[in-house]
Structures are given as structure tokens and as C-alpha cells.
Amino acid sequence: MFMSTEFVEPTKRDLESKFKFSCYKGIACFTQCCRRADIILTPFDVLKLKAHLGITSDEFLAKYTRLYVDEKSGQPYAVLKMTEDEGKCPFLTEEGCSVYECRPLNCRYYPVGKGLVVAASDRGPVKEEFYFFIKDPNCLGYKEDKEWTIAEWRANQGADEYDEMNHEWNDIQLRRRGASGPPLDQDKQQLVFMASYDVDKFRSFIFESRFLDLFEVDEQELEKMRTDDIAMMRFGFKYLKYILMIEETLKMRVAPNNKND
Ligand code: SF4
Ligand code: SF4
């Protein structure tokens, strides 16, 4: 997800849509797209990058991201922070992307974008996934001869694993967008941000606060969450659905004096 729609071509595409594109070291525009870009991160992007860099999620977020809050919904997002002097991505080097194997999903997809909407149908609301092209005039990749379908491009960029991991989070964004009501207040924003992006802080919150006195969590799931960031991220999605009142994904413990025994 990019924040700007400036260069989005307003035509819906599908996996079989074709385009000509090539990006390589030596092309005249090499790394231009890694400057002054608004790249929104997904929870899985943060997991991959913090593991790759060997730092905590807290450190990663403080050093490499800035906060963006959607005005209408109050939804907080982590955005890659460009350097103050040159306005370039902190991972950009002379050689290109220094975190290439773990580059964020949006960097993988580019110059393709992915959209998700809920459309009305006879059977009720159905989710519709579509693609579009981002045609930045400064990107010379479109002038190259190599032809792709969007399906081929996605496979080439390793987008499947990221899409699978982000599926639930995207679903939460979609359902939030469709919801009416006031934007999230600051306290909620902080909780949503922590559960979405700050996996290490969220783990401390679950295990070191009164959370487990208040909520029932499956023992096996809990054990996994102690050491496995992906299990923690998935529990974060459950927590988000609960606090955003999307679904009753958590169960409160029954207070002893309320038990019928
Ligand atoms: S071809 Fe496009 S994507 Fe590749 S480096 Fe140039 S601007 Fe970036
Ligand atoms: S993460 Fe890599 S590919 Fe993405 S903007 Fe930064 S340098 Fe470019």
C-alpha cells in the first residue's frame, strides 16, 4: 500500500494482464524509486526486516519508520522513514537495496499495485481483489522489452508468502474502511499500532500485564507465542479484531464469584 495515488493508472487489471517492464542495475533511473517514497509497511514486513537486521521491533520502528495516521479512520500505519538530508530510503546503498531478500511487500509489487474492495452481489457482499499499474514517468522500466503477466511478476518477486501472511491484516483494514463511526482515539491507536507492528512490545504486554488474568488463551498457542514472532503476529490480528469490535475473537475469563458452581 502506497499513500500516494499520484501515478496510479485508473484501470482494474487481473493476474493475466500483461505489461512490459525490466528493472536492473545500470538502467538510468536505477534506485530513483527508492527516494522520497511513501512506503507503508505491513506487520510481516516489520517481522522480516527486524529479523534480518537482528534488532527488536521497537528499535526497528524507532530507527526506520515514521507514524502515519489515516485521518478518517484514525488507523495508524508504520511508513519507511526517508533520510532527512537526501530523502532516500535508509536501506538504499550505491549497490541498490541492502535488504533486498527482505524488502517490503510494496517494493516487491512495484510497478504493480493490489487493491481489495467489497462488492455487492446477489449472494451478499463479496471481496474483490484486483491489480493496477503505477506509471511513474520517471521510471524507465516500462520502456524495456521483457513482457510479464501480473501472475508471473508476483511469482518472480516472491509476493505469495507476504500476501498469505498479510491476508488477515488486509481483511482487518478492509473491514475498518467499511465501518462507520468516529476515528480511533489516541489510546486505541497506540494499542492498534503495538499489536500490528511492535511484536516484542506486544509480547511483553501479553505476558507481563494482567492480560492473561482477564482473557483465556489456548495453552499451546501461548507457548508458541513466547518465542515465535509469527504466532505472536497472528495473535495480534485476533487482538485487533477484538478491540476494533470486528469479531469476538477473545474470550474473557469468568470471575470466580460469577461461576455457577
Ligand atoms: S526501473 Fe523503475 S523500479 Fe527500476 S530502478 Fe528505475 S525507477 Fe526504480
Ligand atoms: S527497501 Fe529496498 S527496494 Fe524498498 S525502497 Fe528501500 S532500498 Fe528501495
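1. Let's start where two helices meet. Lys188, Leu191, Val192, Ala195 and Ser196 in H6 are in contact with Gly236, Tyr239, Leu240 and Ile243 in H10. Sorted by class, this contact of H6 with H10 holds six nonpolar, two polar and one charged residues. Please keep in mind as you read that this is a predicted model.

2. Now for the geometry of that pair. Two packed helices are described by the angle between their axes and the distance between the axes. Helix H6 covers residues 186–197 and helix H10 covers residues 229–243; they pack at an angle of about 160°, and their axes are 8 Å apart. Angles over 145 degrees count as roughly antiparallel, and H6 and H10 are therefore roughly antiparallel to each other. Their crossing is left-handed.

3. H10 has another partner to look at, helix H7 (residues 199–208). The axes of H7 and H10 come within 10 Å and cross at roughly 70°, which makes H7 roughly perpendicular to H10. On the H7 side the contact is made by Val199, Phe202 and Arg203, and on the H10 side by Asp229, Met232, Met233 and Gly236. By class, the contact of H7 with H10 has four nonpolar, one polar and two charged residues.

4. On to the ligands. Around ligand 1 you will find Cys23, Ile27, Cys29, Phe30, Thr31, Gln32, Cys33, Tyr110, Cys139, Leu140 and Gly141. This shell has eight nonpolar, three polar and no charged residues.

5. Ligand 2 is surrounded by Cys34, Ala37, Ile39, Cys89, Phe91, Leu92, Cys97, Val99, Arg103, Pro104 and Cys107. Here the shell divides into ten nonpolar, no polar and one charged.

6. Most residues other than glycine have a negative phi, and most peptide bonds are trans. Thr31 has a positive phi of about 70° although it is not a glycine. Thr31 sits in the loop between strand E1 (18–20) and helix H1 (43–53), and is one of the residues around ligand 1.

7. The other detail is a peptide bond: the one from Tyr110 to Pro111 is cis, with omega near 15°. Pro111 lies in the loop between helix H3 (105–109) and strand E6 (112–119). Tyr110, too, is among the residues around ligand 1.

8. Finally, the overall picture. The protein chain has ten helices and ten strands. Its C-alpha trace spans about 75 × 50 × 35 Å along the principal axes. How does the radius of gyration fit with what a compact globule would have, and what is its value? With 261 residues, a compact globule would have a radius of gyration near 18 Å, and the 20 Å of the protein chain agrees with that.

Methods
Residues are numbered from 1 along each chain as its sequence is written. Chains are lettered from A and ligands numbered from 1 in the order in which they are written. This is a predicted model: local features need pLDDT of at least 70, side-chain atom pairs count only at pLDDT 80 or more; totals for chains, interfaces and linings use all residues. Axes are lines fitted to C-alpha atoms, for helices over the stretch in contact, and angles run from 0 to 180 degrees between N-to-C directions. Helices (H or I, at least four residues) and strands (E, at least two) are DSSP runs, numbered from the N terminus. Angles under 35 degrees count as roughly parallel, over 145 as roughly antiparallel, 65 to 115 as roughly perpendicular and the rest as oblique. A crossing is left-handed if the near helix is turned anticlockwise from the far one by less than a right angle, and right-handed if clockwise. Two residues are in contact if their C-beta atoms, placed from the backbone, lie within 7 Å. Ala, Val, Leu, Ile, Met, Phe, Trp, Tyr, Cys and Pro count as nonpolar, Asp, Glu, Lys and Arg as charged, and the others, Gly among them, as polar. A residue is near a molecule or strand if its C-beta atom, placed from the backbone, lies within 6 Å of it. The radius of gyration is taken over C-alpha atoms; the globule rule is 2.2 Å times the number of residues to the power 0.38.
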